[in-house]
Amino acid sequence: MAATGENESLEDLTADNLTQHVINICTRNAPDDRTKELVSGLIQHLHDYVREVRLRTGEWETGWQYLTEVGQFCTPERQEMILLSDVLGVSALVDAINSAQAQSVSATESSVLGPFHNEAHVLENGESIGSEGVIGEPMLIHGTVKATDGTAIEGVTVDVWETNGNGFYDMQDPSRDGPDCRGVFRTDSEGRFYLIGVKSVDYNIPDDGPIGVMLRHLGRNQTRPAHVHFQIKHPAYIDLTTALYSRDSKNVATDPVFGVKKSLIKDFQWSEELPAVAKGYNLESSLQRMNVQNRKGLWVLEHDFVLLRK
Ligand SMILES: [Fe+2]
């Protein structure tokens, strides 16, 4: 095995032999078989793409300039690279290939993580994930986390995040100080979690960067259907990253990041039984915090999540 290139014969490289030569050079000192597989597959498919579309020099320049812009747009608060993966369907494909839940008929299906997951405060059941005066209609979000045999699971971590009623995540809005519309809960002895959020609204994925330029250029929909994200974890069960989508949204069939699955579409229901609901879920203080205690009702999103055992 030669690592330096010394004493190797030079071969004229052509469109026909270049690909195998590059694969050989890139993989011969690779540390393991998986690295070899990943690198050789990437080169093979990239080169095949260039050959198939007969990529022109100007198009190649446009491509690397575009990827440069995507990288330069990334900040700790703005992940344009994940967004690129999302809008090209790569995130959804990785999820589909790796989702243990997809192999089960009874487990809750997974959905894409998206670029807006972040650290959040641990809250008690019944608390509000919205800050004081948060923009949006109050929504009770609740359910039970169960195993596939129907047994409720206590002590499950339920990480919830969503936009405010204007369709922005806290990290997109410098005027919101600290975590807002996100929180981490634990299921009680009956496997229940319950919290006050805001009624989800459809929102445009960030369109002021290179991904927005591409979507407009292709005439694509830029609006995600209203949804709430969940990441659900327990040491004895397989992690579940998913989201629940509003049946009322016009954008469920054209989600720009391909996250919607039929089983994850829910009715976000209006309930006028606020006093009973609030009492049953110990929500009075959270609703007061949102200054909505005098409303006639609130929105309710209910869903039971089913986890797979490890
Ligand atoms: Fe989202």
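1. The secondary structure of this chain comes to eight helices and twelve strands. Helices (H or I, at least four residues) and strands (E, at least two) are DSSP runs, numbered from the N terminus. The model is predicted: local features need pLDDT of at least 70, side-chain atom pairs count only at pLDDT 80 or more, and totals for chains, interfaces and linings use all residues. Residues are numbered from 1 along each chain as its sequence is written, and side-chain values use heavy atoms, with hydrogens and water left out.

2. Overall dimensions and burial. Taken along the principal axes, the C-alpha atoms of the chain fill a box of roughly 80 × 40 × 35 Å. The chain has 310 residues, of which 44% count as buried. Buried means under 20% relative accessible area, exposed over 50%, and partly exposed in between (1.4 Å probe, protein chains only). Among contacts between residues at least 6 apart in sequence, 74% join residues at least 24 apart; contact means heavy atoms within 4.5 Å.

3. The record. UniProt, in an unreviewed entry, places the feature "domain: Intradiol ring-cleavage dioxygenases" at residues 141–169. UniProt positions are given in the numbering used here, feature names are shortened, and annotations may be inferred rather than shown by experiment. Over residues 141–169 the chain is 0% helix and 41% strand.

4. Helix H1. Which residues of helix H1 (residues 18–27) are buried? They are Thr19, Ile23 and Thr27. Seen down the axis of H1, these buried residues fall within an arc of 45°, so they line one face of the helix. The arc is that of the directions from the helix axis to the C-beta atoms. Helix H2 (33–53) is included in what covers the buried residues of H1.

5. Helix H4. The buried residues of H4 are Glu80, Leu83, Leu84, Asp86 and Val87. Down the axis of H4 they fall within an arc of 160°, so they line one face of the helix. Their cover includes helix H3 (57–72), helix H5 (90–98) and H6. The next three points take these neighbours in turn.

6. H3 against H4. The axes of H3 and H4 come within 7 Å and cross at roughly 125°. Axes are lines fitted to C-alpha atoms, for helices over the stretch in contact, and angles run from 0 to 180 degrees between N-to-C directions. H3 and H4 are therefore oblique to each other. Angles under 35 degrees count as roughly parallel, over 145 as roughly antiparallel, 65 to 115 as roughly perpendicular and the rest as oblique. From H3, Tyr66, Leu67, Val70 and Gly71 meet Glu80, Met81 and Leu84 of H4. By class, this contact has five nonpolar, one polar and one charged residues. Here Ala, Val, Leu, Ile, Met, Phe, Trp, Tyr, Cys and Pro count as nonpolar, Asp, Glu, Lys and Arg as charged, and the others, Gly among them, as polar.

7. H6 against H4. How do the axes of helix H4 (residues 80–87) and helix H6 (residues 210–217) lie, and at what angle do they cross? They come within 9 Å and cross at roughly 25°. H4 and H6 are therefore roughly parallel to each other. Glu80, Leu83, Leu84 and Val87 in H4 meet Pro210, Ile211, Met214 and Leu215 in H6. The residues of this contact divide into seven nonpolar, no polar and one charged.

8. Helix H5. Ser91, Ala92 and Asp95 are the buried residues of H5. They fall within an arc of 100° as seen down the axis of H5, so they line one face of the helix. What covers them includes H4. The face of H5 turned away from its buried side carries the exposed residues Leu93 and Ile97.

9. Two residues with positive phi. Arg54 sits in the loop between H2 and H3, and its phi is near 45°, a positive value in a residue other than glycine. At 65% relative accessibility, Arg54 counts as exposed. Cys181 also has a positive phi, near 60°, and is a residue other than glycine. Its place is in the loop between strand S2 (157–161) and strand S3 (182–186). Is Cys181 buried or exposed? Cys181 is buried, with a relative accessible area of 1%.

10. Ala253. This residue is in the loop between strand S8 (240–246) and strand S9 (265–266). At 75% relative accessibility, Ala253 counts as exposed. Ala253 and Arg224 are 29 residues apart in sequence and, C-alpha to C-alpha, 9.7 Å apart in space.
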